[in-house]
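Please consult the sequence and coordinates shown here.

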Amino acid sequence: MSSLEERGDVGVAAVATPGSSSSAGLGVGAVGAGLEAGPGGAGLVGGQDEAGLRREGPGPEADPDAPPKKRVRLQEGEAGKLEERLYSVLCCTVCLDLPKASVYQCTNGHLMCAGCFIHLLADARLKEEQATCPNCRCEISKSLCCRNLAVEKAVSELPCECGFCLKQFPRSVLERHQKEECQDRVTQCKYKRIGCPWQGPFHELTVHEAECCHPTKTGNELMGILDEMDQSHRKEMQLYNSIFSLLCFEKIGFTEVQFRPYRTDDFITRLYYETPRFTVLNQTWVLKARVNDSERNPNLSCKRTLSFQLILKSKVNSALECSYLLLKGPYDDVKIKPVIYHYVFSNDTNETDYMPLPIIDSVECNKLLAAKNINLRLFIFQIQK
Ligand SMILES: [Zn+2]
Ligand SMILES: [Zn+2]
Ligand SMILES: [Zn+2]
Ligand SMILES: [Zn+2]
């Protein structure tokens with residue numbers, strides 16, 4: 001069965017909190033098997049999904065290459081269970097993740113990670129209310145709540161998976177491991193500055209650099225390469241300059257958009273996405289998106305893309321010329337390269353063509369497909385003549 005079909009049930013999922021997609025990285029393993037896994041993926045999430053349920057799937061035992069020196073593996077059955085039990089004891093009662101930094105507690109002992117604690121206080125400030133513990137409703141504030149050092153230390157001792165080599169390490173050393181020690185961490189050739197595009201695992205770096213052809217190139221060849229690099233920089237600058245000039249327009253609107261998955265009612269159903277109607281610049285709009293341009297079996301292909309279409313739902317008196325731009329929203333960690341699109345909307349031409357959603361690669365696309373919804377931010381700039 002394809003990973004996309006497994007997701008069929010998601011199609012009718014009701015509204016989810018936008019923040020819940022933080023665990024999106026987890027689906028990547030299944031969908032994009034064999035593709036590069038980055039740090040911050042499955043390993044850091046703490047093994048609980050947004051509903052707070054234990055996830056099935058590869059646990060510590062999925063790692064056949066664990067070094068023999070690890071005692072944990074000897075008593076895996078019990079240790080695994082204890083760790084699992086500790087996860088649910090030590091996790092933040094708000095986001096259900098294991099806290100990565102400071103842990104606060106309410107006067108009744110309910111734990112909150114620093115991020116959630118600050119978020120609760122900030123929300124209360126905005127609503128002009130007294131902040132309360134989401135568990136017991138007692139008042140919380142910076143002076144009423146204190147840190148819980150024992151929990152912080154216990155969490156830092158719990159094992160966590162390196163996103164590159166998939167081995168387990170105590171949280172306290174994981175960051176250093178991923179940055180400096182992991183033999184599988186992604187590195188770039190030191191001749192990148194003169195155009196070498198190589199990137200790969202650290203353990204292959206020395207071999208590559210020894211045989212890298214870039215340092216032996218002639219001055220003339222290097223000039224050519226540098227010219228090309230300059231050109232791509234210039235293109236990027238142009239893009240940012242045009243975004244900055246769009247930001248000077250009189251009529252700009254933006255909003256958070258949430259693409260939700262649906263299925264067509266064809267004989268073989270197809271996944272597509274649609275946002276609820278939203279209002280920008282006093283007009284009603286809808287965004288639609290489809291996978292691999294509605295290819296019949298996108299699950300059979302490794303290459304995944306999303307394309308999207310902007311539709312004007314309101315009637316307009318005169319043509320509406322717009323530039324528009326999709327960017328990462330505040331609640332999702334999508335890697336998206338900004339691209340400016342342009343279209344003249346009227347009552348007859350109220351739908352743009354499907355344009356590729358400029359995400360960086362298939363892995364990123366799978367991450368979006370694995371999430372419950374896709375949250376982005378849409379900007380519309382109205383061009384006035
Ligand atoms: Zn939290
Ligand atoms: Zn409480
Ligand atoms: Zn590692
Ligand atoms: Zn190189």
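Visitor: Which pLDDT do local features need here?
Guide: Residues are numbered from 1 along each chain as its sequence is written, chains are lettered from A and ligands numbered from 1 in the order in which they are written, and side-chain values use heavy atoms, leaving out hydrogens and water. This is a predicted model in which totals for chains, interfaces and linings use all residues, side-chain atom pairs count only at pLDDT 80 or more, and local features need pLDDT of at least 70.

Visitor: What is the geometry of the site of the zinc ion (ligand 4)?
Guide: Donors are N, O and S atoms within 2.8 Å of the metal (3.2 Å for Na, K and Ca), and sites may look incomplete without water. Cys-189 (SG), Cys-196 (SG), His-208 (NE2) and Cys-212 (SG) coordinate this ion at 2.0 to 2.3 Å. Four donors count as tetrahedral if all angles lie between 85 and 135 degrees. The angles among the four donor atoms are 104 to 114 degrees, and the site is tetrahedral.

Visitor: What spacing do the donors of the zinc ion (ligand 1) follow along the chain?
Guide: The protein donors are Cys-92 (SG), Cys-95 (SG), Cys-113 (SG) and Cys-116 (SG), 2.2 to 2.3 Å from the zinc ion (ligand 1). Their order along the chain gives the spacing C-x2-C-x17-C-x2-C.

Visitor: Which exposed residues does the face of α6 turned away from its buried side carry?
Guide: Val-151, Glu-152 and Val-155 are the buried residues of α6. The face turned away from that buried side carries Ala-150, Lys-153 and Glu-157.

Visitor: Which residues have the most contacts inside the largest nonpolar core?
Guide: A nonpolar core is a set of buried Ala, Val, Leu, Ile, Met, Phe, Trp, Tyr and Cys residues joined through side-chain atoms within 4.5 Å. The largest has 33 residues, and those with the most contacts inside it are Trp-285 and Leu-306.

Note on methods: Buried < 20%, exposed > 50% of the residue type's maximum accessible area, 1.4 Å probe, protein only. Tetrahedral: all angles 85-135°; square planar, octahedral: opposite > 155°, others 65-115°. Helix = DSSP H or I, 4+ residues; strand = E, 2+ residues; numbered from the N terminus.
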